Amino acid sequence: MNQDVIITCAVNGAADTAARNPHVPVTPEQIANSVIEAWNAGAAIAHIHARDIETTQASRQVDLYAEVCERLRASECDIVINLTGGMGGDLYVGPEENPADFGKDTDLIGAIERLAHIEALKPEICTLDCGSLNFGDGNLVYVSTPDMLRLGAAHIKKLGVTVELEIFDTGNLWFALQMMKEGLLADNAMFQLCQGIPWGTPPNIALLKAMVDMLPANTNWSAFALGRNQLPWVAQSALFGGHVRVGLEDNLYLSKGVLATNGQLVERAVNIVENMGSRILSPTEAREKLCLRGTQ
């Protein structure tokens, strides 16, 4: 069991959830305030997506990310900033009669362009989604090919930003380990084991254990599951020796029918971890544990 646990709060994500829970932050001010709420509750890391202020949908606009970071860095909040690097991989395959007629919501760009905000802002951590995935029902495919991943990983390493490798199935993990063998990842690369996202790895404890067993020794890793499995996965991840992630990106409810805030979800995670006899690490301790560098 992990005795010293880092809590990441994924504050908003890219899904169309703002209309389903009014606590999902949209504007840079709302996002920064929600991060600060999570920090006050015990989170050491904030995983952040920008959102278009008018549509509330996920955005790749660098200036929106910049405003969030500026607000956080101007505050007393010393939380570790973790920006998504996963935007720009959405491909909506066309209808049966013309699958190459991609849907209007397709947002597909190259690996380096996906990291424009990372290059501009140099967060301490950014994510890299480690494979393509049938994303939910319908014709949406998230595209992240081996060539794209090699380019993205090398660029993140060059920027001096710590990479968090988002692992949606065992094949993703296999390829992430291959990139490690090829020297494309810094030695402090983190692994985030993601379960319950259709159609990646289902939220199954045996599958989580199998992925944990594939990880190199002394690797910093975390795990989470979606929806009602989010809080049970806090306990399960810590029991297997990992860190934990909660937040409105992955779960909108505190209990059945009760909408959550990011702060409330972090408070629940703190209670679970501490009641198991483990300690919650501060942002300063998390930086030391993760050997973070390239901070600005």
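**Questions on a predicted model**

Biologist: This is a predicted model, and I would like to begin with the strands. Which residue in β8 stands opposite G89?

Modeller: Strand β7, which covers residues 89-92, pairs with β8 in the antiparallel sense, and two bridges hold the pairing. Across from G89, the residue found in β8 is L108.

Biologist: Which strands stand at the edges of the open sheet?

Modeller: The sheet consists of four strands in the order β8-β7-β11-β10, with antiparallel pairing. A strand at an edge has a single partner, so one of its sides is left without a neighbour in the sheet, and this applies to β8 (107-108) and β10 (133-134).

Biologist: How many disulfides does a search of the whole structure find?

Modeller: Take C130, which is buried at a relative accessible area of 2%, and C194, which is also buried, at 1%. The closest cysteine sulfur to that of C130 belongs to C194 and lies 9.1 Å away, which is too far for a bond, given that a disulfide needs the two sulfur atoms within 2.5 Å. Across the whole structure, the number of disulfides found is zero.

Biologist: What span does helix α2 reach from its first C-alpha to its last?

Modeller: Helix α2 runs over residues 62-74, which gives 13 residues, and its span is close to the one expected at 1.5 Å a residue. Its buried residues are L64, Y65, A66, V68, C69 and L72, and what covers them includes α1 (28-41), β6 (80-83) and α3 (116-121). From the first C-alpha of α2 to the last, the distance is 18 Å.

Biologist: Is A189 buried or exposed?

Modeller: A189 is found in the loop between α5 (170-181) and β13 (190-195). Leaving aside neighbours within four places in sequence, A189 is in contact with V163, L165 and N220. Its relative accessibility is 6%, and since buried means under 20%, A189 counts as buried.

Biologist: Which side chain is joined to that of Q230 by a polar contact?

Modeller: Q230 is found in helix α7, residues 230-239, and is buried, with a relative accessible area of 0%. Beyond four places in sequence, its contacts include A225, R245, D250, N251 and L265. The polar contact from the side chain of Q230 is 3.3 Å, and the side chain at its other end is that of N251.

Biologist: Which residue forms a salt bridge with R245 at 3.6 Å between the closest N and O atoms?

Modeller: Side chains of opposite charge can pair when their charged atoms come close. R245 has a salt bridge of 3.3 Å, N to O, with E249, which is partly exposed at 22% relative accessible area. In the pair asked about, the closest N and O atoms are 3.6 Å apart, and the partner of R245 is E166.

Notes:
Residues are numbered from 1 along each chain as its sequence is written. This is a predicted model: local features need pLDDT of at least 70, side-chain atom pairs count only at pLDDT 80 or more; totals for chains, interfaces and linings use all residues. Side-chain values use heavy atoms; hydrogens and water are left out. Two strands pair if DSSP finds at least two bridges between them. Buried means under 20% relative accessible area, exposed over 50%, partly exposed in between (1.4 Å probe, protein chains only). The expected span of a helix is 1.5 Å times one less than its number of residues. Contact means heavy atoms within 4.5 Å. A polar contact is a pair of N or O atoms within 3.5 Å; within protein, one must be able to donate a hydrogen and the other to accept it, and residues adjacent in sequence count only if both atoms are side-chain atoms. A salt bridge is a side-chain nitrogen of Lys or Arg within 4 Å of a carboxyl oxygen of Asp or Glu.
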